[in-house]
Amino acid sequence: MASIWTRKDVKKMARATARHILVKTETEALNLKEQIENGADFGELAKKHSSCPSSRDGGNLGSFGPGQMVPEFDQVVFSAPVGVVQGPVKTQFGMHLVEVTSRQD
C-alpha cells in the first residue's frame with residue numbers, strides 16, 4: 001500500500017528540541033527546579049545530577065517528532081512554552097525537568 005504522506009507533508013510535521021534532567025524523586029526534581037529558577041545553569045545541573053546518558057551534553061535530547069518519546073514527555077514538549085522549565089514530569093524512567101529549546105508546529 002502506498003503512503004499517503006509526501007516529503008512535503010513530512011517536513012511540515014511538528015519537531016522539537018529539548019533538554020531534560022532525569023532524577024529518581026519528585027523532591028530532587030523540585031529542588032533542582034528551584035535552583036534553576038534562582039539562576040543555576042540547567043546544563044550544568046543536568047551534567048551533575050541527571051541519570052540519563054544525555055547528561056554528558058547538558059541534558060540535550062536533540063530533535064524529535066511526536067511519538068518518539070514516552071507519552072508523558074511528548075505531552076509536555078509539544079504543548080509547553082519554549083524556554084520555560086516544566087516539571088517534574090513523571091514517566092516510567094523517573095522524574096524529569098524538561099525545557100523545550102525550540103519547536104516547529
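1. Which side chains does a polar contact of 2.7 Å join? The side chains of threonine 17 and threonine 101. A polar contact here is a pair of N or O atoms within 3.5 Å; within protein, one must be able to donate a hydrogen and the other to accept it, and residues adjacent in sequence count only if both atoms are side-chain atoms.

2. Basis of the note. This is a predicted model: local features need pLDDT of at least 70, side-chain atom pairs count only at pLDDT 80 or more, and totals for chains, interfaces and linings use all residues. Residues are numbered from 1 along each chain as its sequence is written, and side-chain values use heavy atoms, with hydrogens and water left out.

3. Threonine 17. This residue sits in strand β1. Strands (E, at least two residues) and helices (H or I, at least four) are DSSP runs, numbered from the N terminus. Threonine 17 is partly exposed, at 21% relative accessibility. The classes are buried under 20% relative accessible area, exposed over 50%, and partly exposed in between (1.4 Å probe, protein chains only). A polar contact of 2.6 Å also joins the side chains of threonine 17 and serine 102. Those two residues are 85 apart in sequence, yet 5.2 Å apart in space, C-alpha to C-alpha. Contacts of threonine 17 (heavy atoms within 4.5 Å) include Gly62, Ser63 and Glu99, not counting residues up to four places away in sequence.

4. Salt bridge across the chain. The structure holds three salt bridges. The term means a side-chain nitrogen of Lys or Arg within 4 Å of a carboxyl oxygen of Asp or Glu. In one of them, arginine 19 pairs with glutamate 99, with the closest N and O atoms 2.5 Å apart. The pair links distant parts of the chain: arginine 19 is in β1 (residues 15-23), glutamate 99 in β4 (residues 94-104), 80 residues apart. Glutamate 99 is buried, at 11% relative accessible area.

5. The other two bridges. Lysine 47 and glutamate 44 meet at 3.7 Å, N to O. Both lie in helix α3 (residues 42-49), three residues apart, about one turn of the helix. An α-helix has 3.6 residues a turn, so residues three or four places apart point the same way. Lysine 47 is partly exposed at 45%, and glutamate 44 is partly exposed at 39%. Arginine 103 and aspartate 105 meet at 3.2 Å, N to O. Arginine 103 is partly exposed at 23%, whereas aspartate 105 is exposed at 69%.

6. Helix α3. Phe42, Gly43, Leu45 and Ala46 are buried. Seen down the axis of α3, the buried residues fall within an arc of 160°, so they line one face of the helix. The arc is that of the directions from the helix axis to the C-beta atoms. These buried residues pack against β1, α2 and β4. Aspartate 41 caps the N-terminal end, with a side-chain oxygen 3.1 Å from the backbone nitrogen of glycine 43.

7. Lysine 33. Check this one in the viewer. Lysine 33 lies in helix α2 (residues 26-37). The residue is buried yet has no salt bridge; the nearest side chain of opposite charge, glutamate 37, is 4.5 Å away. For charge, Lys and Arg count as positive and Asp and Glu as negative, while His and the chain ends are not counted. The lysine 33 side chain does reach the backbone oxygen of glycine 87, at 2.7 Å. Lysine 33 touches Val85, Gln86, Gly87 and Leu97, leaving aside residues up to four places away in sequence.
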